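Welcome! Please have a look at the sequence and the 3D structure below before reading on.

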Amino acid sequence: MPALVVEHLAKSYGAVRAIRDATFTVEHGEIFALLGPNGAGKTTTLEILEGFRRADSGRAEVLGGEPADRELRARTGLVLQDIAVEPYLTVRETIARDAGYYPRPRQVDEVIELVGLRGLGRRKVKALSGGQKRRLDLALGIIGDPSLLFLDEPTTGFDPGARRDAWQLVRGLRDAGMTILLTTHYMEEAQELADRVAVMSGGRIVAEGTPATLGGRDAAKSHIRYVTPDGPVTIETADPTETLRDLLHRGVVLHGLTVTRPSLEDVYLELTS
Ligand SMILES: Nc1ncnc2c1ncn2[C@@H]1O[C@H](COP(=O)(O)OP(=O)(O)OP(=O)(O)O)[C@@H](O)[C@H]1O
């Protein structure tokens, strides 16, 4: 039984068809990334799975049950786009208060450490930087020791170092058995983190696969580029190894050589254009 099942899901806000017909499944213990342009329907899909909204039609199943089930909520963690936190509480007080909502929470200090807020436990929430605030959001998502975690754009506002730390943390959670559904606008994040990705556009899933194979990426042609005294050369080839062997055999000097395949971002832009 998969951790999440979404089948022919549809949801409109008045005349706006936010989700038209979305189908995908997420297996236990995997990191699944939902990608798509602004307004594609990602947050609405998450909100239905989290039990905050009802779909108009279709099926959404979470850990084998209904999304809004109370007992289920104790087993899921949420990191939403805008989380309301008390500005005058400290980091530690905020996390400790949330720990009280769960039957078997993690240790508060362990979580502060995990999300990289060590030494900031006594700082008031209103005095945190944007990235630190987002780490606090992450702490609140995992304090209940959930088996399923929803992350809606978890690293927005992070500096590159903090982003890599967050990826490390999320991978660690997955390796410890947690199932993670995330949305992101950073293709590098999806590439680095996700076991599988789905691309949503106009309320539909338009492609699904591993980051390496999405949209036929693995079978796509490579570009070999190098510079000769006459100027730059670009060769498009399905078999870069063979083409390079041939060039070297002919004694071509390959100054500034690069070999590239379409990036996840290239494929994504093509799918959503
Ligand atoms: N409460 C609401 N009332 C009316 N329309 C809404 C509401 N929430 C979302 N929408 C609309 O539904 C569509 C899907 O929005 P949604 O927030 O699910 O997209 P998203 O993929 O999460 O976008 P983003 O990447 O910008 O967060 C958009 O056209 C949005 O304007």
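## About the model

This is a predicted model, in which local features need pLDDT of at least 70 and side-chain atom pairs count only at pLDDT 80 or more, while totals for chains, interfaces and linings use all residues. Residues are numbered from 1 along each chain as its sequence is written.

The pLDDT is the predictor's confidence in each residue, from 0 to 100. For the protein chain it averages 93, and 100% of the residues score at least 70. The complex receives an ipTM of 0.96 and a pTM of 0.88 from the predictor.

## The annotated domain

UniProt, in an unreviewed entry, places "domain: ABC transporter" at residues 4–227. Its positions are given in the numbering used here, feature names are shortened, and annotations may be inferred rather than shown by experiment. Residues 4–227 are 29% helix and 29% strand, and their end C-alpha atoms lie 50 Å apart. Helices (H or I, at least four residues) and strands (E, at least two) are DSSP runs, numbered from the N terminus.

## The nonpolar core

In the largest nonpolar core there are 61 residues, and Ala33, Val111, Ala139 and Ile180 have the most contacts inside it. Such a core is a set of buried Ala, Val, Leu, Ile, Met, Phe, Trp, Tyr and Cys residues joined through C-beta atoms within 7 Å. "Buried" means that 20 or more other C-beta atoms, placed from the backbone, lie within 10 Å of a residue's own; 12 or fewer makes it exposed, and in between it is partly exposed.

Is Gly177 buried or exposed? Gly177 counts as exposed because it has 9 C-beta neighbours inside 10 Å. Gly177 lies in the loop between helix 6 (160–175) and strand 7 (179–183).

Arg17, in strand 2, is partly exposed because 16 other C-beta atoms lie within 10 Å.
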